[in-house]
Amino acid sequence: MSRAIQLHARLLPGYEQRVAQTVLRLQHAAAAHPGRIVLTTSLGAEDMVLTDLIARHRLPIALATLDTGKLHTQTLALIPAIETRYDLTVERWQPAAEQTLHFVKTHGELAMRQSVALRKACCGLRKLEPLSRLLAGRTAWVTGLRREQSGARAEVPFEDTDLTANNGRAKFNPLADWSWADVWHHIGTNDVPYNALHDAFFPSIGCEPCTRAVALGEDFRAGRWWWEEPNAKECGLHVESGFAQMQEIRA
Ligand code: SF4
């Protein structure tokens, strides 16, 4: 058995009900947004659970990922693994080559380590701008956010009805009440493919220069942008200001 499954998977009371509720929520979301709903997958463990449920229940929800140009090879390897296992297509959305080349030329390959502003600018170019194209024409998106992931996500609702914050789209977080143990129990019992970095103590996986392994007892997201203050640690994909920033980038 893999290290991550061994370490984290546990059958907790209510797991079966959480799975059933999650499937119901996904069915409801897909029915409310026919042909215009997408799972924006980071290819992390939570999104693999959602991918598995979408495939298993043949739900009409597209899969799309942001291929930032800075992902680990282990992360990229999951794309063909998903497509083979589930016979589904994963859309890959990449940043505008000219803008990223210019950014790197001006600020260097490790600009994100120089300041929070440059890190956010990099996330803006490599994540927010492609996300805005990915979501164009779609009325709803599904994410793998869980309340347990961080203090900033402690209030994550199952359905975010704040259309202003989400640029006019519905946002569904059907795993909001899942625990890390639930996620790994589902992966282990259903033989769901997952990122090999999870076996190397990477609980939360982003771009290669901005993700490290965590030590025992460290916070779930301690390995993301570890040189920054904890309250700065969001890339803008899931915060209200992210969409405002997106408009600025597109302008
Ligand atoms: Fe850039 Fe790091 Fe953000 Fe990836 S996570 S877009 S490399 S700053």
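Q: Helices (H or I, at least four residues) and strands (E, at least two) are DSSP runs, numbered from the N terminus; in which loop does W225 lie?
A: The model is predicted. W225 has a phi near 45 degrees, a positive value in a residue other than glycine, and R224 lies over the face of W225, at 4.8 Å from the ring centre. As for its place in the chain, W225 belongs to the loop between α8 and α9.

Q: Does W225 count as buried or exposed?
A: Buried means under 20% relative accessible area. The relative accessibility of W225 is 2%, which is why this residue counts as buried.

Q: Where is the place of L43, a residue with positive phi?
A: Most residues other than glycine have a negative phi. In L43 phi is near 70 degrees, a positive value. Its relative accessibility is 0%, so L43 counts as buried. The place of L43 is in the loop between β1 and α3.

Q: Which element gives the largest share of the largest nonpolar core?
A: The largest nonpolar core has 39 residues, and those with the most contacts inside it are L26, I61, V142, V183, W184 and I187. Elements that give two or more residues to this core include α1 (3-8), α2 (15-32), α3 (45-56) and α8 (180-190), together with the strands β1 (37-40), β4 (140-142) and β6 (170-172). With seven residues, the largest share of the core comes from α3.

Q: Which residues does I61 touch, not counting residues up to four places away in sequence?
A: I61 is among the residues with the most contacts inside the largest nonpolar core. Of the residues beyond four places away in sequence, I61 touches L26, A30, I37, V38, L39, I54 and V142.

Q: Which are the edge strands of the open sheet?
A: The sheet is open and has six strands in the order β3-β2-β1-β4-β6-β5, with mixed pairing. An edge strand here pairs on one side only, and this holds for β3 (90-93) and β5 (159-160).

Q: What is the bridge partner of D160 in β6?
A: β5 and β6 pair over two bridges, in the antiparallel sense. The bridge partner of D160 in β6 is K171.

Q: Which residue in β4 is the bridge partner of V38?
A: In β1, I37 and L39 point one way, whereas V38 and T40 point the other way, and all are buried. β1 pairs with β4 in the parallel sense over three bridges. In β4, the bridge partner of V38 is W141.

Q: Which residue in β2 does T40 stand opposite?
A: β1 and β2 run parallel and are joined by three bridges. The residue in β2 that stands opposite T40 is A64.

Q: How many degrees lie between the planes of the aromatic pair W184 and Y194?
A: A search of the whole structure finds four aromatic pairs. W184 and Y194 form an edge-to-face pair at 4.9 Å centre to centre, with an angle between the planes of 85 degrees.

Q: How many residues apart are W184 and Y194?
A: W184 and Y194 form an aromatic pair. The pair links distant parts of the chain, with W184 in helix α8 and Y194 in the loop between α8 and α9 (240-250).

Q: Which residues form one aromatic cluster with W180?
A: Both W184 and Y194 are buried. The residues that form one aromatic cluster with W180 are W184 and Y194.

Q: Which residue lies over the face of F158?
A: A charge sits over a ring if NZ of Lys or CZ of Arg is within 6 Å of the ring centre. At 4.8 Å from the ring centre of F158, the residue over its face is R147.

Q: Is T100 buried or exposed?
A: T100 lies in helix α6 (residues 97-107). Not counting residues up to four places away in sequence, T100 touches P95, L125 and R126. With a relative accessible area of 10%, T100 is buried.

Definitions and conventions
Residues are numbered from 1 along each chain as its sequence is written. This is a predicted model: local features need pLDDT of at least 70, side-chain atom pairs count only at pLDDT 80 or more; totals for chains, interfaces and linings use all residues. Side-chain values use heavy atoms; hydrogens and water are left out. A nonpolar core is a set of buried Ala, Val, Leu, Ile, Met, Phe, Trp, Tyr and Cys residues joined through side-chain atoms within 4.5 Å. Buried means under 20% relative accessible area, exposed over 50%, partly exposed in between (1.4 Å probe, protein chains only). Contact means heavy atoms within 4.5 Å. Two strands pair if DSSP finds at least two bridges between them. Rings of Phe, Tyr and Trp (its six-membered ring) pair if their centres lie within 6.5 Å; planes under 30 degrees apart count as stacked, over 60 as edge-to-face and the rest as tilted. A charge sits over a ring if NZ of Lys or CZ of Arg is within 6 Å of the ring centre and within 35 degrees of the ring normal.
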